[in-house]
Structures are given as structure tokens and as C-alpha cells.
Amino acid sequence: GAAGTEPLLPLPQLREHARVGMVNLITDRDGVVRAASTALDGKLLAEEVATLGFESRAPELTRLRFDFSEPNSYPVVSFADVLFGRTTIDFTDRVVLIGATAPDLHDIHTTPIGVMTGVELQANLVSSIVHSRYFTLEGNLIATVAIIFASLLVGYLVLRMNAWIAA
């Protein structure tokens with residue numbers, strides 16, 4: 001295929017237990033990541049991971065706006081520490097994402113709640129899918145009705161306030 005379109009597969013030692021999927025974050029015009037695109041062929045990595053032992057699946061949307069936890073909400077363990085047995089953490093029955101966190105690798109993204117690494121964004125996306133915490137945009141009709149209702153309510157309150165002040 002074209003340069004950069006071939007999948008980057010896990011190390012041979014990890015492939016047996018790994019899931020592979022697309023990582024397709026959408027950066028909005030203001031430079032903030034709020035969503036992932038599911039419009040490409042294949043599943044998102046987060047969708048693949050979310051199917052491991054969970055009864056969940058991503059909604060049928062092409063733009064999945066996901067919920068964010070606070071930055072640094074997920075434990076981070078050095079891959080080298082795991083590889084060489086320098087950690088006492090038991091990873092049994094846990095979802096483990098392996099990714100770059102070093103600032104020099106430039107896998108840093110601005111989110112609505114702060115700066116996150118790519119792997120932390122993926123953890124948030126997995127959590128959003130597993131717990132069905134994602135946002136959908138309402139249609140234009142609903143938004144228009146809500147704006148008109150809010151405008152009428154504010155107008156009514158201003159009139160009542162003027163009557164109260166005059167009394």
C-alpha cells in the first residue's frame with residue numbers, strides 16, 4: 001500500500017494476546033481533540049479493546065465524541081520495568097495499553113481538560129465505549145427549540161424582575 005498505510009503490528013512476542021485497530025483521532029479547528037473517527041474500514045483500537053470481556057460496543061457514529069477522565073487518571077508503568085520484572089503490579093484481568101509517553105516522541109494532544117499522551121487518550125476512549133459515556137449532537141430542530149425556549153424564559157424573567165423592581 002501507500003507509505004504509512006500498512007498496519008504497525010505488535011512485537012511478535014505480544015501478538016498472540018494483542019488486539020490491533022485503527023487510531024484515528026479528530027483534531028478540531030481549535031487544536032483540541034474531542035472525538036475519534038470511525039469512518040474508516042476496520043475498527044478503532046479502542047473498539048477492539050472494549051470487546052475484551054465487556055458487553056459493550058461503540059455506537060454507530062462516524063464521529064465518536066468521547067468522555068474524558070482527569071489527566072493522569074490511569075496508572076502508568078514503564079514497559080521496561082514490566083519486561084524485566086521490576087514491578088509488583090498484577091496485570092491479570094486488566095486492560096493494558098502499551099504506548100509512548102515520553103515528551104520527545106511528540107504523541108501529546110490537547111483535550112478539553114488538559115494535555116494527554118496518545119495512549120492516555122486511547123484509555124479514555126476505551127473507557128467511554130465500555131461505560132457508554134460518549135456525546136452525540138442533537139439535531140437542528142431540537143437545538144432551535146431549546147434556543148427559542150431559553151430566549152422566552154429569559155424574556156419572561158426580565159419582565160418579572162422589572163415588575164418586582166418597580167413595586
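Reply: Two strands pair if DSSP finds at least two bridges between them; strands (E, at least two residues) and helices (H or I, at least four) are DSSP runs, numbered from the N terminus. This is a predicted model, in which local features need pLDDT of at least 70 and side-chain atom pairs count only at pLDDT 80 or more, whereas totals for chains, interfaces and linings use all residues. Residues are numbered from 1 along each chain as its sequence is written, and side-chain values use heavy atoms, with hydrogens and water left out.

Me: How many bridges join β4 to β5?

Reply: Strands β4 (residues 108-111) and β5 (residues 114-117) run antiparallel and are joined by four bridges. They form a hairpin with two residues between them; T110 stands opposite V115 in β5.

Me: What span should helix α3 have?

Reply: The expected span is 1.5 Å times one less than the number of residues. The 13 residues of α3 (residues 118-130) should therefore span 18 Å, and the end C-alpha atoms, 18 Å apart, agree.

Me: Is α3 buried or exposed?

Reply: Buried means under 20% relative accessible area, exposed over 50%, and partly exposed in between (1.4 Å probe, protein chains only). In α3, 13 of 13 residues are buried. The helix is followed by S132, whose phi is positive, near 50°.

Me: Where is S69 found, and which residues is S69 in contact with?

Reply: S69 is found in the loop between β3 (63-66) and α2 (79-83), and is buried, with a relative accessible area of 19%. Contact means heavy atoms within 4.5 Å. Leaving aside neighbours within four places in sequence, S69 is in contact with Y74, I113, M116, N124 and R133.
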